[in-house]
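Trainee: I am new to this structure. Please take me through one part of it closely, and then through what surrounds that part.

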Amino acid sequence: MLKLDNKFLNLELITPEGILLADQVKKVKLFTSLGGLTILPNHAELKSDIVAGTLKISFYEEVKGDIKYDVGDGVIEVSPSKVTIIASSAKARIIEDPYKL
């Protein structure tokens, strides 16, 4: 049996302007045409559309807190240790507790 023990995800958020964010995160939440999706480390492989709405990212480093983006339609590709989101647009909205220890 394959043992997976990834503690974080490598996230890339890409828009037509280029790579907006590339960092290690612990959780990603967004919406697809089928409903809400939460991605944690060791998630099953997945390819899906995403719909315009809120993208919430929880960083691996607690000091960074969480950040929300308003994103446009796009696609997502997930592997156990990597998430790639290609969106038509993305704009940072709220930073929650960026100095939380």
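Mentor: Ser58 counts as buried because its relative accessibility is 5%, where buried means under 20% relative accessible area, exposed over 50% and partly exposed in between (1.4 Å probe, protein chains only). Ser58 sits in strand S5. Helices (H or I, at least four residues) and strands (E, at least two) are DSSP runs, numbered from the N terminus. The model is predicted, so local features need pLDDT of at least 70, side-chain atom pairs count only at pLDDT 80 or more, and totals for chains, interfaces and linings use all residues. Residues are numbered from 1 along each chain as its sequence is written, and side-chain values use heavy atoms, with hydrogens and water left out.

Now the contacts. A contact means heavy atoms within 4.5 Å. Leaving out residues up to four places away in sequence, Ser58 touches Val25, Lys26, Lys27, Gly65 and Asp66. Take Ile57 next. With that same exclusion, Ile57 touches Leu11, Leu21, Val25, Lys27, Gly65, Asp66, Ile67 and Tyr69.

A nonpolar core is a set of buried Ala, Val, Leu, Ile, Met, Phe, Trp, Tyr and Cys residues joined through side-chain atoms within 4.5 Å. The largest one here has 21 residues, and Leu55, Ile57 and Ile85 have the most contacts inside it. Two or more residues each come from strands S1 (9-15), S2 (18-32), S3 (35-39), S5 (53-59), S6 (66-71), S7 (74-79) and S8 (82-87). S2 gives the largest share, four residues. In soluble globular proteins, nonpolar side chains tend to be buried together.

Look at S1. Its side chains alternate. Leu9, Leu11, Leu13 and Thr15 point to one face and are buried.

Two strands pair if DSSP finds at least two bridges between them. S1 and S2 run antiparallel, joined by seven bridges. They form a hairpin with two residues between them. Leu13 has Leu21 in S2 as its bridge partner. With S8, S1 pairs in the parallel sense over five bridges. There, Ile14 stands opposite Ile86.

One last stop is a loop. Asn42 lies between S3 and strand S4 (46-50). Asn42 counts as partly exposed because its relative accessibility is 27%. Its phi is positive, about 70 degrees, although Asn42 is not a glycine. Most residues other than glycine have a negative phi.
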